[in-house]
Amino acid sequence: MNKEEWMNTVETLLKANDGASLETATVPEVYRAVSRAAMADIYDTWESCKKSSKKRVGYLSAEFLVGRAVFSNLYNLGILGEVRDWMKERGFDISSFEEIEDAALGNGGLGRLAACYLESGATVSIPLDGYGIRYRYGLFRQEFENGFQREAADDWQRCGDPWSYRREDESVLVEFSDFAVRAVPYDMPVIGYGGKTINTLRLWQSEQPGSFDFAAFDSMQIDKIAKDNVRCESISYALYPNDSTEKGRILRLRQEYFFASASVQDLIRKHKQKGLPIEKINEHISLQLNDTHPVFAIPEFIRLVMKEGLKFEKAFLLARSVFNFTNHTILGEALERLDMKRVRKLLPEIARILTKMQARIEKEFPSGKLFLIKDETVHMANVAIYAGNKVNGVAALHTEILKESTFRDWYEVYPEKFLNVTNGVTPRRWLALCNPELSALITEKIGDGWQADLERLKELEKYADDPEVRHAFAEIKYLKKQQLSEYVLKREGVELPPEFIFDVQAKRLHEYKRQLMNAFSILYYYFRIKEGKEPNFKPTAFIFGAKAAPAYWNAKGVIKFINAIADKVNNDPEVNDKLRVVFVTDYNVSYAEKIMPAADISEQISMAGMEASGTGNMKFMLNGTVTLGTMDGANVEICEEAGRENEYIFGATVEEVKEIKKNYNPREIYNSDPELKRIVDTLDDGTFDDQGSGMFRSVKESLFGGWSADHYLVLKDFRDYVRVKSELNRDYGSEEFFAKCVRNTANGGKFSSDRSILDYAKNVWNL
Ligand SMILES: *Cc1c(COP(=O)(O)O)cnc(C)c1O
């Protein structure tokens, strides 16, 4: 569209939908009109892409943390700048779209990965469609009340959902033993960079099947009508706010079967509509299971294929050439298990298929070492490995751990199934869009085109030794820090001087990620500065962003603890020219886009062996930030790519963790290190007040009490952590430090999700 066509479309939409003009319309009204104008623009391309390829891939995921769509879509269509200018000429600033909710249909890394993968699939022109759940409410909005986390509903559709079309005519029925629901698809376009390929994210919404119950209405059984309605709609009502261990809840089970069944029904129906034989469906679709949440798709597929007339064995083998499984955890305890009694009760046909699969494996491997069902429990990962083609971990180290320990027995029998696909992030959102200033510098130095060919960043490496470019990098960092500082002041009421070092830890709150260790390090510097022991300490702002699962008591305790530290530090005139602390409210994708470009330090400090990959680490790296981290997840590969000397690595390695755990005594460390003891004791010596909640005591107990005392080696790694943190503080501002920043961006090419998707296409989907 040219300028005239664009503005006419926007104005027509405003008139038709809202009875408004650009001059009178509200921001949400303009947002809807602009989004729908773009939807009109892409219609033809989208329709032709749907029909274009012989084989399509379905990415099944219970979570898609898509973030704000409007800027990314306009950017990928190549019209963001123009649209901004055109609207501006008419007196409208499109940055006001920032007040529109973004869709947080995911918890954290796993859901964000799914969103990056779809965008990359469209960018590299792979026919990759997403399938998930259209939650009415996404991840909760976070607020703080006296430093305690409070959860509020995330009404992401408040300003409408102009980036989706409801496809009523493609609804399917999903049946449970006690009732059935209608799954209604909402399709979102996934626009690749350059706008040539547009794929689909299909999200299912659960509704009541059939028509209005007039009989019940006539007899005034309003309660019954309402109850039936609520029962059906509750399935897609809310996202589970827990990103690691799943509770064996009935609703969760319904959610999982709901979207797995709807997606598989949809795919089989489309296949049949093309007049193709069911036996050949594996030549036309591959399905990727993002963790175990969609694993019901496997028995559902077998069930439906058997309904088409195939015998169990044939159906099983067909499934085996369609499904692939991505694992995201290491801990055996965190793997999803379901109560077979419950499955039998709610999904009897699925239970029968699972039992047949178990009988098959017993026959194949009579030793019983490999199983799907044991002690009336279904092991979802085992189902996916046994009935799937490929199984992948998400970083090199993670995949090795899977092979050596988590899935050792499976690896022995099926070594050819296992492979690694290291995670990635889309460089469009996580560099080009969120850091236009750095992007302009990169383009100035190496030319355009790196946005879809990220290995080209390597051409920047030589500039690490060029003081002028280094300084240009540093100036951009300073500018991004100013921008973040303004935003944080407005949102959080805390002043972060941009001259300070911005030391950032932004990710879900979890004990294994060790935000507590970071908090302890702040107190370490706090006490030392007060005692005059840190005369050369460079002023540092510690920035946290994290949500804790609402029922995760200790994680919430750590949030309260850090907020209490922030309160003390920021109001202490003896130290607040050296230290600032802020816990930003409601960390989400849009906040991340402001934080990553402004960070001087990327804290990636999980206990080694715990973080499968991490993707936040990659976003920071692309924006020229050094990693302060452990040898965990993709940090290992970040070191490989950038050179370990360009990061700040500390702490026990996976092997060392194993050794240490054999006879670990955290109390010994605590008793022999008075400086550390004093810090830990602030949890219960009255330094901080948890308002009688008992949270701080509980956090302290996690370091000493019971068999799992200091399970994540906070005390063990603390000294090495502050040693390296102090080294970083010394290095900051030097020529060599800025060279490291340049080298991080220059060597981030591997971490483009385009590369990940091409790995999947080649080694998993055989495209
Ligand atoms: C990237 C991202 C994550 C994942 O961060 P990790 O550090 O890899 O755990 C979580 N939440 C949001 C909003 C993100 O953008």
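## Sorting the residues

Keep in mind that the model you're looking at is predicted.

## Around the ligand

With those groups in hand, take a look at the shell of residues around the ligand: five are nonpolar, six are polar and three are charged. That shell has 14 residues, and the closest are Lys507, Lys513, Thr615, Gly616 and Lys619.

Now zoom in on the ligand's oxygen atoms. In Lys619, a side-chain N or O atom sits 2.6 Å from an oxygen atom of the ligand. Gly616 uses its backbone instead, with an N or O atom 3.0 Å from a ligand oxygen atom. On its own the ligand has 390 Å² of accessible area, and the protein covers 95% of that.

## Two helices that cross

How do you describe a packed pair of helices? You give the angle between their axes and the distance between the axes. For helix H10 (residues 312-320) and helix H12 (residues 348-364), the axes come within 12 Å and cross at roughly 90 degrees. Angles of 65 to 115 degrees count as roughly perpendicular, so that's the label for H10 and H12.

Which residues make the contact? H10 brings Phe312, Glu313, Phe316, Leu317 and Arg320, while H12 brings Ile353, Lys356, Met357 and Arg360. Sorted into our groups, that contact has five nonpolar residues, no polar ones and four charged ones.

Notes: Residues are numbered from 1 along each chain as its sequence is written. This is a predicted model: local features need pLDDT of at least 70, side-chain atom pairs count only at pLDDT 80 or more; totals for chains, interfaces and linings use all residues. Side-chain values use heavy atoms; hydrogens and water are left out. A residue is near a molecule or strand if one of its heavy atoms lies within 4 Å of it. A polar contact is a pair of N or O atoms within 3.5 Å; within protein, one must be able to donate a hydrogen and the other to accept it, and residues adjacent in sequence count only if both atoms are side-chain atoms. Accessible areas come from the Shrake-Rupley method with a 1.4 Å probe; for residues, only the protein chains shown count as cover. Ala, Val, Leu, Ile, Met, Phe, Trp, Tyr, Cys and Pro count as nonpolar, Asp, Glu, Lys and Arg as charged, and the others, Gly among them, as polar. Axes are lines fitted to C-alpha atoms, for helices over the stretch in contact, and angles run from 0 to 180 degrees between N-to-C directions. Helices (H or I, at least four residues) and strands (E, at least two) are DSSP runs, numbered from the N terminus. Angles under 35 degrees count as roughly parallel, over 145 as roughly antiparallel, 65 to 115 as roughly perpendicular and the rest as oblique. Contact means heavy atoms within 4.5 Å.
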